[in-house]
Amino acid sequence: MRLHRNLVFAVIDALHLIFNEGEYADKVIEKVLKYDKRWGARDRAFIAETTYDIVRWKRLYTEIAEAHEPYTRPHLFRLFGVWCVLRGIRLPDWKQLEGTPERRIKGRFDELSKIRKFRESVPDWMDELGEKSLGNELWTKEIAALNQQAEVILRTNTLKIPKPQLQSFLAKEEIETETLKGYPDALKLKERKNVFTTEAFKDGLFEVQDASSQLVAPYLEVEPGQRVIDACAGAGGKTLHLASMMQNKGQLIALDIYESKLKKLKIRARRNGVHNVETRVIDSNKVIKKLHNSADRLLLDAPCSGLGVIKRNPDSKWKLEPEFIERIMGVQQDILQNYSKMLKKGGQMVYATCSILPQENTEQVKKFLASEAGKEFELVREQNVYASETGFDGFYMALLKKN
């Protein structure tokens with residue numbers, strides 16, 4: 001691989017914004033890719049993937065490079081040098097990479113790889129929490145799986161097209177996909193490509209949605225004609241999946257505390273040809289009270305630590321703090337206690353998170369069931385989805401029934 005100065009400099013700029021300015025990796029990549037309109041798909045892929053890679057292995061690389069916060073430009077070039085050496089990429093004779101100690105880098109890598117927190121590049125507290133919560137064996141497997149690059153998975157919008165037809169449609173646009181057993185609407189890209197520029201995307205024939213996330217809507221067992229509430233809808237990935245399962249029939253109410261996210265959902269719904277969604281901002285308790293005892297089905301896709309989706313958000317390893325997990329567990333229990341009142345007798349609700357920690361998952365459900373608000377509910381079934389078992393994101397789902 002021949003390294004191009006302008007592309008490498010773009011990576012260094014991106015790392016500065018992520019590590020020193022605290023910006024989110026996905027937003028930084030978006031910004032940096034606009035630097036030069038002449039960059040082709042391969043150039044853009046190099047910038048995005050190299051940046052994500054160095055972010056993912058930040059702790060390991062900084063230990064090897066002996067680089068410390070705040071990272072100066074020479075420090076960032078040292079991290080880049082480590083990335084090159086460990087990937088067997090020949091270093092160019094640029095002054096920024098002069099004197100990169102290749103043998104020492106390889107030696108340090110071998111040494112540090114024996115210690116999990118360095119090998120898997122996680123903060124001490126996260127490594128301790130993972131082991132305490134999941135046990136040594138499962139955590140070791142899980143964090144290794146979560147450090148793999150996420151696959152690009154599409155969900156067929158069955159309101160507009162059957163899956164085999166979407167496959168051939170995409171093949172015409174030179175995007176090869178394969179089906180996934182056990183995921184009825186999913187297609188996996190054989191190689192990474194920007195699918196957002198395709199005609200198929202513009203026509204609303206699919207959404208990008210991880211395979212694990214595609215398990216949540218079916219878990220709720222919705223039917224056309226029901227009144228369904230998605231109470232933490234966000235930008236609506238699962239809302240749109242519910243709409244397609246309801247065949248656009250019945251009423252689907254998407255709630256969220258952020259109006260900006262619901263605006264994105266409206267745009268996506270239009271593109272998807274979804275007509276049965278109504279959005280409401282939770283700006284006071286009245287919004288929830290008005291809906292008490294009214295829903296046939298209720299989805300609580302609760303805010304969480306996001307430990308199950310590190311694959312696609314590697315910078316969250318460095319942004320997440322133990323205090324946040326404590327705080328978000330309070331929010332999760334509040335949501336269960338208050339939002340569950342929107343379900344009518346005989347109705348079903350799913351509590352879901354993209355976390356792998358039992359304290360955010362099964363323990364929250366137990367606490368709810370033991371409380372006054374949960375006394376009419378029973379747990380029908382629950383499922384832990386581990387990246388080490390599926391290769392996709394880590395998730396949790398619990399189906400509860402109100403008697």
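**View 1. Met349 and its bridge partner in strand β11.** Met349 is bridged to Leu400 of β11. The strands involved are β9 (residues 343–353) and β11 (residues 395–402), which run antiparallel and are joined by six bridges. Strands here are DSSP runs of E with at least two residues, and helices are runs of H or I with at least four residues, both numbered from the N terminus. Two strands count as paired if DSSP finds at least two bridges between them. The model is predicted: local features need pLDDT of at least 70 and side-chain atom pairs count only at pLDDT 80 or more, while totals for chains, interfaces and linings use all residues. Residues are numbered from 1 along each chain as its sequence is written, and side-chain values use heavy atoms, with hydrogens and water left out.

**View 2. The open sheet of seven strands.** The strand order is β7-β6-β5-β8-β9-β11-β10, and the pairing is mixed. At the edges are β7 (277–281) and β10 (377–385), each of which pairs on one side only. From one strand to the next, the twist averages 15 degrees; such angles run from 0 to 180 degrees between N-to-C directions, with axes fitted as lines to C-alpha atoms, for helices over the stretch in contact.

**View 3. Strands β6 and β7 with helix α14.** Five bridges pair β6 and β7 in the parallel sense. Among the residues of this pairing, Asp256 has Val281 in β7 as its bridge partner. The chain passes from β6 through α14 to β7 in a right-handed β-α-β crossover, meaning that the path from the first strand over the helix to the second runs clockwise when the strands point away from the viewer. Helix α14 (residues 259–272) packs on the sheet and touches β6 (251–256) and β7, with its direction at about 170 degrees to that of β7.

**View 4. Phe46 in the largest nonpolar core.** This core has 44 residues, of which Phe46, Ile47 and Phe80 touch the most other members. A nonpolar core is a set of buried Ala, Val, Leu, Ile, Met, Phe, Trp, Tyr and Cys residues joined through side-chain atoms within 4.5 Å; buried means under 20% relative accessible area, with a 1.4 Å probe and protein chains only. Beyond its neighbours within four places in sequence, Phe46 is in contact (heavy atoms within 4.5 Å) with Met1, Leu3, Leu7, Val8, Val11, Phe80 and Trp83.

**View 5. The second core.** A separate core of 34 residues includes Ala211, Ala217, Leu240 and Ala269.

Note on methods: Buried means under 20% relative accessible area, exposed over 50%, partly exposed in between (1.4 Å probe, protein chains only).
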